[in-house]
Amino acid sequence: MVFSTEVWIKIVFAIGIAFIVANLATPLVMKFAKQVGAIDVPDEKRHIHKAPTPRMGGLAIFLGFLLSVLVFANITPQVRGILIGAILIVVVGAIDDVLNLNAWLKFGVQIIAAVIAVLSGVLINVVSNPLLITSGQALTIGVLSVPVTILWIVGVTNSVNLIDGLDGLACGVSTIASLSMLAVSMLVSDANSNVAIILAALCGACLGFLPFNLNPAKIFMGDTGALLLGYILATVSVIGMFKFYAIITFILPVLALAVPLLDTVFAFTRRMLNGQSPFHADRGHFHHRLLDIGLNQKQVVAVLYAVSAILGLVGVLITSTGTVRMIVALASFVIAACIWLFVFRHNKNIHIHHEAAAAAAEASPEEEKKDEEA
């Protein structure tokens, strides 16, 4: 760990303050959401929850995050641009939670927020060179830096929003992603202390909100929270993760955000192949497919948490050495084994249940005949 004691204190307090503010603000946001009509009413097609539930919980996350960053982080031009873009995202997200705005309008706002960040100096200048196209470990992308950065920010922002389909899923996965990137920032360079503080604030705010969002959820993040988390993770990864070592400039943030990114890629591809808009809602997401094989909400969320944690640990493993690498490798193995045992055992139970149901179905005509004879 390369940080000074002062930075460590700031990180701890950033997590603590963000947690307390978000946790205390959530009940107030719940009341406010009910007053303005930000209520998620379930339908029979896609929604899993049964009762109307207030949304706009992202406001509580934003309040905790913003206060913590303003108090403990160094507000550089890059950070200022990220915060301005975040405010825009939150305002539009809050309006959408009440009025259900057009998807393309929200997409346009996300591009504007990304442009604000880019104009403030949030730019991807180099990417890793895993295919060894040149002799160097990294490729300088030059004039492509602006469109690549905007694509990254908008893509990650949407990816977190798209996985926000089960209680606690998007918030928990974002917490794990922020923790993974925080761990890497602490392992690599003290020059990234400001990034670590921002990630600590985001992690603390998510943890403060999460108890209200776990199944059965008392409040949803709504687009206010899902878009905010995606935007912050995307922009902070640019000023942090993409600046570490050339060989891992691309791998680290992709691993930390792999679950939402892969789900988004598959969703957009599936919809366009079916001749639909990429923003067309459906039940083809990872969490829907896991529900369809027989897992319940809590089990699906646990599985995706575990997958996110493993991939995040792999990212930490890439940058660590010695004892830390051994501990991370062991933790990854334990989590992977737990997932395998969980899925294997559950699939076995499902198979037994299906066999019992089939046997009952075959026996039922015989029973009906006996009843008629009696």
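The aromatic ring pairs of the structure and a nonpolar surface patch are described below. The model is predicted, with local features requiring pLDDT of at least 70 and side-chain atom pairs counted only at pLDDT 80 or more, whereas totals for chains, interfaces and linings use all residues. Residues are numbered from 1 along each chain as its sequence is written, and side-chain values use heavy atoms, without hydrogens and water.

Two aromatic pairs are found in a search of the whole structure (rings of Phe, Tyr and Trp, the last by its six-membered ring, with centres within 6.5 Å; stacked for planes under 30 degrees apart, edge-to-face over 60, tilted for the rest). F13 and F72 form a tilted pair, with 6.3 Å centre to centre and 35 degrees between the planes. This pair connects distant parts of the chain, 59 residues apart: F13 belongs to helix 1 (residues 5-36) and F72 to helix 2 (residues 58-72) (helices are DSSP runs of H or I, at least four residues, numbered from the N terminus). F72 is buried at 16% relative accessibility, while F13 is partly exposed at 46% (buried, under 20% relative accessible area; exposed, over 50%; partly exposed, in between; 1.4 Å probe, protein chains only).

The pair of W104 and F107 is edge-to-face, because the ring centres lie 5.9 Å apart and the planes stand at 85 degrees. W104 and F107 are three residues apart in helix 4 (residues 103-119), and therefore separated by about one helical turn. F107 is partly exposed, at 24% relative accessibility.

F13 also contributes to a nonpolar surface patch with W8, I9 and V12, whose accessible area together is about 380 Å² (patch residues have over 30% relative accessible area and no salt bridge, with nonpolar side chains joined within 5 Å and like charges within 9 Å; a salt bridge places a side-chain nitrogen of Lys or Arg within 4 Å of a carboxyl oxygen of Asp or Glu; accessible areas come from the Shrake-Rupley method with a 1.4 Å probe, and for residues only the protein chains shown count as cover).

Terms used
Helices (H or I, at least four residues) and strands (E, at least two) are DSSP runs, numbered from the N terminus.
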